[in-house]
Structures are given as structure tokens and as C-alpha cells.
Amino acid sequence: MTLHCETFTGGPFETNAYLVADTDTGEALAIDAPQNTARIIKAAADAKGWRIGQIVLTHSHWDHIADAVAMRDLCEAPIAGPVGAEAALAAPGTFFGGLDFAIPPVVPDRSIGDGDTIALGGHRLAVLHLPGHEPFHIALYDPAAGVIFSGDVVFPGGAGRTDLPGADPAAMHRSLRRLLELPAETTVYPGHGAPTTIAAEADWMRALP
Ligand SMILES: [Zn+2]
């Protein structure tokens, strides 16, 4: 039962998408959909013989959802978005003001929140609601594999921005404290930047008020 993860980066903010697969069953999951990544991720899955059966969005910011509709069309897979983010997903771009290109509105097939579980082959990924950067932000945590896909909550060396509309620094601190309860060796796959671990980030996370 092996969980395999590949990273794809797209868009002006170098946003990460993840192709996650149970290599025993060939079942795959796409996490986030930055600009111009859908075809590349689909081709990568096809090359491995994996079938992308679901698309999960960590939060509503446009750099994470720009290719979500394209991904759904290519993979014929449903989109799961965070509970509460439906209005923001349907009006992408509003968080960062005027964009000079259009982001297709996203209407998720399903909304997921804290306590929900995503099944991927033999794996079970727990949905964690981690607000702060964005009110409805979720992460996917696989305790058996020891990995968390954290979106824009934790990056190497710091937390996600809390100066954006809808952001909440106090909520972010609560979310970070919750992440500190995970096993220290847990690998963190962030929404931007390189993978890290809870242990590597614990000092600055603990130092926050
Ligand atoms: Zn964001």
C-alpha cells in the first residue's frame, strides 16, 4: 500500500498541484489546479496508468483553482471543494481584485469539511479544516503514510498570508497549533515551495503568540 506523490507547479505564484496515487490500485487524486497544469497532470497520470478519480481544492484562491474546470473535463472526475467556499469558488478573482484574464467559476460536485474522509485506494485521507489564510481552507492528512497536503497554511519557514480579505491571524495561529499535534516526522506538502516536515517548522510555529 504505497502512496505516491508528484508535484506540478503552475501560474505566476508558482502554485503547487499534487498528483497522489495508490500505486497498488492505480487510483489517483489531484489536489489543487494551478494555471496550465490540467493537461500536464492528466498526461502524467496516463503515463503511469493511473486514473484520476477525484479533484480536491484546498481553498478558493484563484491560483489554486484556475484549471479546476479543465481538470474536471479532462478527467471526468468530480471536484470536492471546502464547505463554505462555494460562493468564493463561483466568483474567482474577487479575493485579489481585477485579473487581466478570466478564471472559470467552479461549482464543486461535493463540499467537504472537518471530519470527512477521502478514500484513495487503500488509503484514507482525513479532511482538516484549517482556517486563517482563507476562512474555509482545508488540508488532507494521511496518518498511515505520514503526509499532509497543507495548501497555504504552512510553508518552509513560515505561514500563509493573513493580510488578505477573509484572512484571520488568530484563526491561523489556532490552525498551526493543531498542526503541531501531528507526529513530528509528518511530511508537509505545501501549496507553494518545497516539501518540509512538522519537525522542521515546529520552532517558528511554536513561537507564535
Ligand atoms: Zn491562497
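**Chatting through a predicted model**

Trainee: Is Val107 buried, exposed or partly exposed?

Mentor: Val107 is partly exposed, because 13 other C-beta atoms lie within 10 Å, and a residue counts as exposed at 12 or fewer and as buried at 20 or more. Keep in mind that this is a predicted model.

Trainee: Okay, and where in the fold is the place of Val107?

Mentor: Val107 belongs to the loop between α4 (86–90) and β6 (110–112). Its C-alpha atom is 6.0 Å from that of Ala90, though the two residues are 17 apart along the chain.

Trainee: Let's switch to the sheet. What is the strand order?

Mentor: The order is β1-β2-β3-β4-β5-β6, in an open sheet of six strands with mixed pairing.

Trainee: Which strands stand at the edges?

Mentor: Those are β1 (3–10) and β6; each has a single partner strand, so one side of each has no neighbour in the sheet. From one strand to the next, the twist averages 25 degrees.

Trainee: How do β4 and β5 run, parallel or antiparallel?

Mentor: Strand β4 (residues 51–56) and strand β5 (residues 79–82) run parallel, joined by two bridges. If you want to find one on screen, look at Val56, whose bridge partner in β5 is Ala80.

Trainee: Nice. Which strands does α1 lie across?

Mentor: Helix α1 lies across β1, β2 (15–22), β3 (27–31) and β4, at about 20 degrees to β2. Helix α3 packs on the sheet too, touching β3, β4 and β5, and its direction makes about 155 degrees with that of β4.

Trainee: And at what angle do α1 and α3 pack?

Mentor: The angle between α1 (residues 38–48) and α3 (residues 68–75) is about 35 degrees, with the axes 9 Å apart. Their crossing is right-handed.

Trainee: Which residues meet there?

Mentor: From α1 you have Ala38, Arg39 and Lys42, and they meet Ala70, Met71, Leu74 and Cys75 of α3. By class, that contact of α1 with α3 has five nonpolar, two charged and no polar residues.

Trainee: New topic: how far apart are the axes of α5 and α6?

Mentor: The axes of α5 (residues 169–180) and α6 (residues 198–207) are 10 Å apart, and the helices pack at an angle of about 140 degrees. That angle makes α5 oblique to α6, since roughly antiparallel would need over 145. The crossing of α5 and α6 is left-handed.

Trainee: Which residues make the contact?

Mentor: Leu176, Leu179 and Leu180 come from α5, while α6 brings Ile198, Ala202, Met205 and Arg206. The contact of α5 with α6 has six nonpolar residues, one charged and no polar.

Notes: Residues numbered from 1 in each chain as written. Predicted model: local features only at pLDDT ≥ 70, side-chain atom pairs only at ≥ 80, totals over all residues. Axes fitted to C-alpha atoms, helices over the stretch in contact; angles between N-to-C directions. Helix = DSSP H or I, 4+ residues; strand = E, 2+ residues; numbered from the N terminus. Left-handed = near helix turned anticlockwise from the far one by under 90°. Contact = placed C-beta atoms within 7 Å. Nonpolar A, V, L, I, M, F, W, Y, C, P; charged D, E, K, R; others polar. Parallel < 35°, antiparallel > 145°, perpendicular 65-115°, else oblique. Pairing = 2+ DSSP bridges.
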